[in-house]
Amino acid sequence: MSANVGTIQARERAFPAQHRWDRNAIAVLAALVWLGIVMGFGGDMIEHAKTNAPPYLFIVHIHAAAFVGWLVLFTVQIGLIRHKRWLTHKRLGMGMAVLAVAMVILGPLAEYLVDVSRLGTPRADPAFFAIALTAMLAFTGLVGAALLMRRDASTHKRLMLLGTFYISSAGFARWEGAWLGPIFGEGPLGLAMVLYFGSTLLMLALGAYDLATRRRLHPAYVAGLAWALAIEAFSVWLYHQSAWLAWCKAVMAA
């Protein structure tokens, strides 16, 4: 027992688990995620209605419900921790684990069916399937590790934040592309900026907060950020591969 206490105390000295600013800082980061999502998808839905575009596929509604459900539960979990409702937080976490599995399936499936429906139209972009696949790869790695490390609050919290930040790119990209696209062009750098600028900024903000309050970065944050940035780079690279485009076209046209 004394050895375990000593290990915990050593870990606390290395990286304090709590800081008096944590509750408000995490609430602000969660609010920024919501802002990015509402601005992105809200504007997209308004534009969709204005142009009398065809209705969204049913799978898109299911995917959207799961995604919003994740953000709602994520926000509720922050509130539960804020009010020290540890047991309820733990129980709700099991539901989030199940929802995470559903999201990993629904995300690529929805994108695939949308891409199939757009083949032969000016909006067709089969290679974009790479972005949906790699987003779920990043999300799975970050949230899966967070669930495995749920007994370590500092690690769990940062990995869950990073996973949620990553998938928020779907909302940010819908509005930040309007001003980042013309600046950076249509090449790999332009695509990376359009897709990931906002969500990556949130990830970096989390690290900046830890540096400001702890004077160091949490090892789980460093590993999680490296994973996220590697997946971002891989997704942009894969999108621009002619072999990937040809494969997507063949599969989606079958």
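**Exercise 1. Find which residues are linked by ring pairs into a cluster, and describe the pair formed by W244 and W247.**

Solution. Ring pairs join Y112, F129, W244 and W247 into a cluster, where rings of Phe, Tyr and Trp (its six-membered ring) pair if their centres lie within 6.5 Å. The model is a predicted one, in which local features need pLDDT of at least 70, side-chain atom pairs count only at pLDDT 80 or more, and totals for chains, interfaces and linings use all residues. Residues are numbered from 1 along each chain as its sequence is written, and side-chain values use heavy atoms, with hydrogens and water left out.

A search of the whole structure gives nine aromatic pairs. For W244 and W247, the ring centres are 5.4 Å apart and the planes stand at 25°, so this pair is stacked; planes under 30 degrees apart count as stacked, over 60 as edge-to-face and the rest as tilted.

Helices (H or I, at least four residues) are DSSP runs, numbered from the N terminus.

Finally, W244 is buried, with a relative accessible area of 14%, whereas W247 is partly exposed at 46% (buried means under 20%, exposed over 50%, partly exposed in between, with a 1.4 Å probe and protein chains only).

**Exercise 2. Describe the lining of the second largest pocket.**

Solution. On a 1 Å grid over the protein atoms alone, a pocket is an open set of points with protein on both sides within 12 Å along at least five of seven lines, and lining residues have an atom within 4 Å of a point. The second largest pocket is lined by 26 residues, of which I81, W86, H89, A153 and H156 lie nearest its centre. Two or more lining residues come from each of α2 (22–50), α3 (58–82), α4 (86–118) and α6 (153–167), and the largest share, six residues, belongs to α4.

**Exercise 3. State which residues line the largest cavity, and which helix gives the most to its lining.**

Solution. A cavity is a set of grid points where a 1.4 Å probe fits but cannot get out. The lining of the largest cavity consists of D22, A25, I26, L29, K157, R158, L161, L206, Y209 and D210.
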